[in-house]
Amino acid sequence: MVKVSLVKCSDYNRDRVFDSVKRAIDLVGGIEAFVRKGTRVLVKPNLLSARPPEDAVDTHPEVVRSVARLVKSAGATPLVGDSPGGYGKNIDEVFDSSGMRAMAKEEDIELVKFAASKFVDGIPFTRYLFDCDRVISVPKFKTHGITVLTAAVKNMYGTVTGLYKAERHSKAPNNADFAKVIAKVYSIAKPHLTVLDGIEAMEGDGPSGGEVRKMNLVMAGADAVAIDACLAAIMELRPFDILVTKEAFKAGLGEADLAKIELSGDPIADFIAADFKLPQTTALKIVPRALLNGIAGFIKFKPYIEINVCARCNLCKTTCPVSAIEIARDHCKIDYKKCVRCLCCQEVCPYKAISIKRNMLTKLVWG
Ligand code: SF4
Ligand code: SF4
């Protein structure tokens, strides 16, 4: 049976987080089961955007600190790195805003930038994925406008470097196609252990424009697909409602059958949130599943720049894979004829200046 642990943690108090992370890892075998003395371990949080920890956009630095301390306690050396949205160019700002740089300095941990790549099956991965002996993924529990959930499996998409991520978005903008791309990346970038930060999650229009939702949850396990399957249940969805989970399961990359996952720690029932808000881009929880495919073609949405909130940083413009965005002092425009609705612009905006506008039909059907 695949093992997944769930542990309560009420806030980001340093000691409480450490105790919860340690307990979660102990329940699935202990850190020594995943990390050997004298090795180098890549610790891969979700560092999406230059936002403060309280916004719940990035993995909280206290969770990363706890994982890194446990890696050290096993005699190994942790390296912390990620490739944020916007082609990773703003990684220094992200390290600063997320609190990762301060934490790394205090703990004497090396922060690494995912610049140099190694190609596998035509995909450019960070070389740290292969140079390190072990990989520990430390994702954040968040909603996502295209994939509904971004957590354990999707976190490894961040090991891809440079332009490739946004290009793939433009070639596979819908959920089903994009899910296949993420599963392919995950098949190459499978971590040895996943430790999920769900203490403060994001609901609604994640992964960066939603609202903080306290879930008091830390999870651990070797199987990221199984962790995501459990998160679907926590959101009161079925595992295969998350197409990334479905594609990863179909490709034999992990377990999505809840009956075949051995849960330990605190009861999953204590975390279930029936009212967990999904992104406006999905009709899950609103329209019966039998009708979902039938109405899929009628669900239309588009990103919209709030001109009074926009700080004219141009990050969305340089990230957009089809050059659909124009930012000027007196206007901010999206060319909807070019836009492929990938929502990369909303993901990277550090100012929550990009919202989602839905068509009239979806407003009539689900308010
Ligand atoms: S919408 Fe956001 S990312 Fe784009 S220029 Fe304005 S502030 Fe920057
Ligand atoms: S405008 Fe935004 S949603 Fe549209 S293609 Fe560009 S990045 Fe994607």
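Keep in mind throughout that the model is predicted.

**The whole protein**

Zoom out and colour by secondary structure. The protein has 14 helices and 16 strands. Its radius of gyration is 19 Å, close to the 21 Å given by the globule rule for 367 residues, so the protein is as compact as a globular protein of that length. Of the 367 residues, 52% are buried. Now consider contacts between residues at least 6 apart in sequence: 77% of these join residues at least 24 apart.

**Helix 4**

Select residues 100–107, which form helix 4, and show the side chains of Met 100, Met 103 and Ala 104, which are buried. These three cover an arc of only 100 degrees around the axis, which puts them on the same side of helix 4.

What covers the buried residues of helix 4? Select helix 2 (61–73) and helix 3 (91–97), then strand 3 (77–82) and strand 4 (110–113); the cover includes all four of these elements.

**Gly 221**

Move to strand 11, residues 211–221, and pick out Gly 221 within it. Is Gly 221 buried or exposed? Gly 221 has 30 other C-beta atoms within 10 Å; the cut-off for a buried residue is 20 or more, so Gly 221 is buried.

Select its contacts beyond the neighbours within four places in sequence: Lys 3, Val 4, Ser 5, Val 28, Thr 194, Ala 226 and Ile 227. Then draw a C-alpha to C-alpha distance from Gly 221 to Val 2. The two are 219 residues apart in sequence and 8.2 Å apart in space.

**Ligand 2**

Finish at ligand 2 and display the 13 residues around it. Which of them come nearest? They are Cys 320, Cys 339, Cys 342, Cys 344 and Cys 345. Colour the shell around ligand 2 by class: twelve residues are nonpolar, one is charged and none is polar.

Note on methods:
Residues are numbered from 1 along each chain as its sequence is written. Chains are lettered from A and ligands numbered from 1 in the order in which they are written. This is a predicted model: local features need pLDDT of at least 70, side-chain atom pairs count only at pLDDT 80 or more; totals for chains, interfaces and linings use all residues. A residue is near a molecule or strand if its C-beta atom, placed from the backbone, lies within 6 Å of it. Ala, Val, Leu, Ile, Met, Phe, Trp, Tyr, Cys and Pro count as nonpolar, Asp, Glu, Lys and Arg as charged, and the others, Gly among them, as polar. Helices (H or I, at least four residues) and strands (E, at least two) are DSSP runs, numbered from the N terminus. A residue is buried if 20 or more other C-beta atoms lie within 10 Å of its own, exposed if 12 or fewer, and partly exposed in between; C-beta atoms are placed from the backbone. Two residues are in contact if their C-beta atoms, placed from the backbone, lie within 7 Å. The radius of gyration is taken over C-alpha atoms; the globule rule is 2.2 Å times the number of residues to the power 0.38. The arc is that of the directions from the helix axis to the C-beta atoms.
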